[in-house]
Amino acid sequence: PSLFLNRDVQQDYTERLDGNLTLEPFNDFTVDLTMQREYTENHTEKFKIFEKGGDWERRVPYDVGSYRISYFALNTLIGGDIDALFNTMEDNRMQISRRLGDPNTRHQVDTGFTEGYGKVQQDVLIPAFIAAYSDQSPSDVNLDLFDIAPKMNWALTYNGLSRIPFFAQHVKQLSIKHGYNSTLEVNRFNTEPYFQEGTTTINEQTDNYYSRLEIPTVVIQEDLSPLLGVNMTLNNGMQFGVDYAKSRNLQLNFLSDNKQVIESNSTTVNVTFGYLMKEVSIGFLGGKKSKVKKKKSQRGDSALGLDELSDTELGEMFDFTVVDEKTGDLNISVDVSLRDEITKNFLIDKNTNQVTRGSKVLSIAPSADYSLNKKVNFRLFFEYNS
């Protein structure tokens, strides 16, 4: 083998788990359960002979990857106090430090913490963050981020109300929906260059141990989409819909010198209305013959054999005028949406937090579609955002 062989050895590993289960506990009630786990890793290292006559050696191992699982943090999404949850995360760190390190040792800077596992050490912050925002005890939370089991998400649909006599008189279709979807994600992780397997090296700048991996950001994303949604179609063709959705995005950020938690919360209310009108006449558009209009009878009222006569012959006999009315289907819809969003930043150990952005958006979008035939459709619409 050549001493000048410098090409890295590369190994790619991908793991994906998808679980789906559909249940129908009783008629017209459907429960869809989903679960997922995705893990990717790209490993590179030098594998070569570095000296003439020497043995093969493995050096400079380096890993890059991503990680994503379905998760559950609904316990703190509904009615959770944003400031109190962050304070809980900070309080969790001491107990996490004692689980990771030797309780008989002391951190050089942070009082009450064990050697190498201080307030902002990555292996301490991540479990403290997960425990606080998923309502777990710091004494029980999993210390290994990549060993957390995926959780179940769900979507519920019930269509049985339209069968109840009270609703059946007026309603053609009535459905109620509810869904919850959440993920725990690391978009990218990579090997910590100063970490050495089997050793405990202290970072002189922070007095903490180097972690095995550098993790820039841990994200928990949650969506109640919707928390509650109702869609209704009346017997006369009118359609109504309303749904209330809520979401939260949590980021534990290690990118800056000041470690921080960024929390974004949003609520959305959507209201829809629709009405389909059949065979609507719009004079200046083309259509089909629809009826015969009588102007005036001048030759008597005998009906003998009238069924066998054409419109033109009837017109000559009784002075009818054939009117070519323009008809098509007119579909009217109105969508109204109100969205309220706020983002707040919490700097760890700085006793400061601030709202960094926020918005309230009102959207109104009425439209009308006129189907002249299978090939021609006219649409009139207006969109308003404030």
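**Reading the core and its rings**

Visitor: Which residues does leucine 145 touch, leaving out those up to four places away in sequence?

Guide: Contact means heavy atoms within 4.5 Å. By that rule, leucine 145 touches Tyr67, Ile126, Ile130, Leu184, Val186, Ile215 and Val218. This is a predicted model: local features need pLDDT of at least 70, side-chain atom pairs count only at pLDDT 80 or more, and totals for chains, interfaces and linings use all residues. Residues are numbered from 1 along each chain as its sequence is written, and side-chain values use heavy atoms, leaving out hydrogens and water.

Visitor: Which residues of the largest nonpolar core touch the most other members?

Guide: A nonpolar core is a set of buried Ala, Val, Leu, Ile, Met, Phe, Trp, Tyr and Cys residues joined through side-chain atoms within 4.5 Å. Buried means under 20% relative accessible area, exposed over 50%, partly exposed in between (1.4 Å probe, protein chains only). Here the core has 37 residues, and Met89, Phe129 and Leu145 touch the most other members.

Visitor: Which helix gives the most to this core?

Guide: Helices (H or I, at least four residues) and strands (E, at least two) are DSSP runs, numbered from the N terminus. Helix 3 gives the most, with 9 residues.

Visitor: How many aromatic pairs are there?

Guide: Rings of Phe, Tyr and Trp (its six-membered ring) pair if their centres lie within 6.5 Å; planes under 30 degrees apart are stacked, over 60 edge-to-face, the rest tilted. The whole structure holds 18 pairs. Among them, tyrosine 39 and phenylalanine 146 are edge-to-face, 6.1 Å centre to centre, with 85 degrees between the planes.
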